[in-house]
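Here are a few friendly notes to read alongside the model. Keep the structure open and look up each part as you go.

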Amino acid sequence: MEKTFELFDFSKLQNRLVFSIELKLKTPLHIGGNDDGVSPTDMPILRLPEPDGRPYIPGSSLKGMLRSASERLYHLIEDTIQDPMALTVGENGQYTTSLCYLENGDCSVGKGPQDKTRNAEIIKNTLMNKSLSEKEKYKIIYRLVCPSCRTYGAGSMASKVRVHHVVLDDNTQVRDGIRIDRETGAVAPQAKFDYEYVEAGQTITLRIEGENMDQENEAILALALLQLKNNMLRLGGLQARGLGELQYVSGVVKRINYNHQNRKELLEMLLLDHDGLQATSQTDMENSQKEKGEFDSAITLECYLREALGGYLT
Ligand SMILES: [Zn+2]
């Protein structure tokens, strides 16, 4: 569905989380591209427009991988989410905060059609209410959508998490495949096809940014990053053939608080146009931390995840 507009969080920029995560392509990767009919293979990979032409992973694919990872472990923290506005009525008549079933890109919280209708109705009325400012609308709708949509966005709600594209080295191959009929186990008609993939081995750097993340948003994202750190996630197509395995190498996180006490350091950092994350090796990181003193030093992803999920370790 084409999005016509998005509500953004117009409140002050309070904090930013910047992640830099290094991963190795453990097995080949296939992120499907548009078949323009020119490609010599049946299943070409996605590439940057010419003249560059290198393969890349769109931020949206990476974000989609993170979102579904968060959602498959959400039940671990579900009971702890504090949400007085949750519209889902659980089995015992108690309010719970289930995740939505995204319908036409809109968050529909609720187990039954009544909840969904009610929710959709309030969101629609809020959006059309001319006496409300954009900021007020955001605040109301933010409480109405589910924790996953609050973090990753949906429908009229902008995402708090942004994932950058990753451009890959052009080490590609084409492999022959055979389609098997799932029901009969026989070779399907027109079974032979070939697909293009990026070879295993290269190291990629994921850059993820979160803005104005609260405790809940951070926990939701941390559930996904935890799985990334433990090599539990796969990316792209043809996963049943073993493609898309990722191996965690290292990760750093920087938390930047935009408050008055940090003014001098903040402005200097912004003037230098650097966020302290270029450093990836330990020595570089230590050096850059020395340069910047104690200000918002980057921590390892491992430390960060323990911090973000600390409240759930009791
Ligand atoms: Zn939702």
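1. Let's begin with the overall make-up. The protein chain has eight helices and eleven strands; helices (H or I, at least four residues) and strands (E, at least two) are DSSP runs, numbered from the N terminus. This is a predicted model, in which local features need pLDDT of at least 70, side-chain atom pairs count only at pLDDT 80 or more, and totals for chains, interfaces and linings use all residues. Residues are numbered from 1 along each chain as its sequence is written.

2. Of the 314 residues in the protein chain, 30% are buried (20 or more other C-beta atoms within 10 Å of the residue's own; exposed means 12 or fewer, partly exposed in between, with C-beta atoms placed from the backbone). Take the contacts (C-beta atoms, placed from the backbone, within 7 Å) between residues at least 6 apart in sequence: 69% of them join residues at least 24 apart.

3. Now find strand β1, residues 15–25. It runs antiparallel to β10 (residues 246–257), with eleven bridges joining the two; strands pair if DSSP finds at least two bridges between them. Ser 20 has Val 252 in β10 as its bridge partner. Strand β1 is also joined to β9 (residues 203–211), again antiparallel, by nine bridges, and there Lys 24 stands opposite Thr 203.

4. Finally, look at Gln 227 in helix α5, residues 215–229. Why does Gln 227 count as partly exposed? Because it has 18 C-beta neighbours inside 10 Å. Leaving aside residues up to four places away in sequence, Gln 227 touches Ala 69, Leu 73, Met 232 and Leu 233. Leu 66 is 161 residues from Gln 227 in sequence, yet their C-alpha atoms are 9.0 Å apart in space.

Conventions. Contact = placed C-beta atoms within 7 Å.
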